[in-house]
Amino acid sequence: MALLYPPPAALTPHFPVPYTVADAELADTERRMLKLSVRETRPMVTEDKPTIHVAIRRLRLRNHTKSQKPLSLLGLPHEVALTIFKHIFEADSEVHTAFSSFVRPRPSSAPLSLLGVSKRCHEYAEGQTELWTSVSGTQHEPNVPHPELIKLWIQRAGDTRKLSFHISPRQYKCPDDVHDEFTERNLRMFMQHAPRWHHIAFELNDAMAQVYLQHLLDESKPKPGEVECVELLAGSVSSQDTARHLFSSIALYSSTVTELHWAGPRGFSPPASLEDDKLKMERLTTFSVDAHNMTELVQCLDVLDAPKLEELWVCVSVQHPDRDGVRWSSAVSIFHDALHRLATLPKVLLIQDDDIEWVETVTRLQTLGSQIGLSRLSIFSMNLKKIAGDLEEHAYRSDDEFRFHEEGIDIVFR
């Protein structure tokens, strides 16, 4: 959607009259946001960035200057207009993880950007509180997203809905002496809402891991409730002891989580205490694990007790400079034995490893799938072209993907 750039006079903030106490509080929050000046730090240069009302007012002005489009929206049936509105929102879900996607809050992101387009869009944004429940706190630009903006997102989600949060170390380059002011602050805000967590995707470095663990160990702090999906990535943590504490924290979600993704640092091994008393995951159906070698992978599987496991996803640290790698030609038998030690065998196996570049490896994994009764085997490798010719005889090809069905197994290779 193109934005017009009105003269300064057109940027005068305008807010509808609040009808309830809750509306008044949100309006006050938005007024405070008008005073917020986010400053981008650069060497010897400081530049004021526009505040939230700029985007809202520009969209409102576009509504007045190009009235045909909003009028066509107003003329649509409620269900159709709401579907279009939600599609606009989904298009702004920019952060994608193993199991979900999250919105990066910014003034130009839906649903905030749609509040001032028209009265009907405002009503949709206010009424569909679930549109505000998925948030990424990763700093993808200097001071963006600002904690106050994330706080506004959470306020509009209401007091009872489940919340889904994503965070990772900042994703932009800056001088080493420039402090990351907001990542840990955003993480602390997420931790305060732990009882309402639905899905968390936390990629932690050393400093963030301490914030996470200190909150969980503090008896006075609110603890997680019925979390259904956990993605806990500790590949950037330098201490093996810290990584083991993070892995142990998964037990807090053991009775509710259905999807789990774990990634440890190179050389990671689970706590010794779990060798005898395994990690009981009563409802877990999908387990995803990143490993650097077969030893790490097997050790993570050996401490897992998941009687309802259906899918196992394995990623062998793709494009990691310190990757040990897995020689599947000699490791398939080790993997086979580890799978048989699980409480139940998975029906779906997904393997992502760029070292898979031989048809013989695919054949060995296919044989493994037959032996354990897989219904689906998916193999992802950047080296597809090296063996594409050998697969064409018995595969159905769609773009860069090969699908074939042999011995009761649906096999996808790409």
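This is a predicted model: local features need pLDDT of at least 70, side-chain atom pairs count only at pLDDT 80 or more; totals for chains, interfaces and linings use all residues.
Me: What pLDDT do local features and side-chain atom pairs need here?
Reply: Local features need pLDDT of at least 70 and side-chain atom pairs count only at 80 or more, while totals for chains, interfaces and linings use all residues. Residues are numbered from 1 along each chain as its sequence is written, and side-chain values use heavy atoms, without hydrogens and water.

Me: And what is the mean pLDDT of the protein?
Reply: The mean is 77, with 68% of residues at 70 or more; pLDDT is the predictor's confidence in each residue, from 0 to 100.

Me: Where does it stay under 50?
Reply: Over residues 1–22, among others, and the model has 24 contacts beyond four places in sequence for them. A contact means heavy atoms within 4.5 Å. Residues 29–59 are also below 50, with 64 contacts beyond near neighbours in sequence.

Me: Switching to strands. What does β13 pair with?
Reply: Strand β13 (residues 311–315) pairs in the parallel sense with β11 (residues 286–290) over 5 bridges, and with β14 (residues 348–352) in the parallel sense over 5 bridges. Pairing requires at least two DSSP bridges between two strands; strands are DSSP runs of E, at least two residues, and helices are runs of H or I, at least four, numbered from the N terminus.

Me: Which residue is the bridge partner of Asp290 in β13?
Reply: Cys315. Trp313 stands opposite Leu350 in β14.
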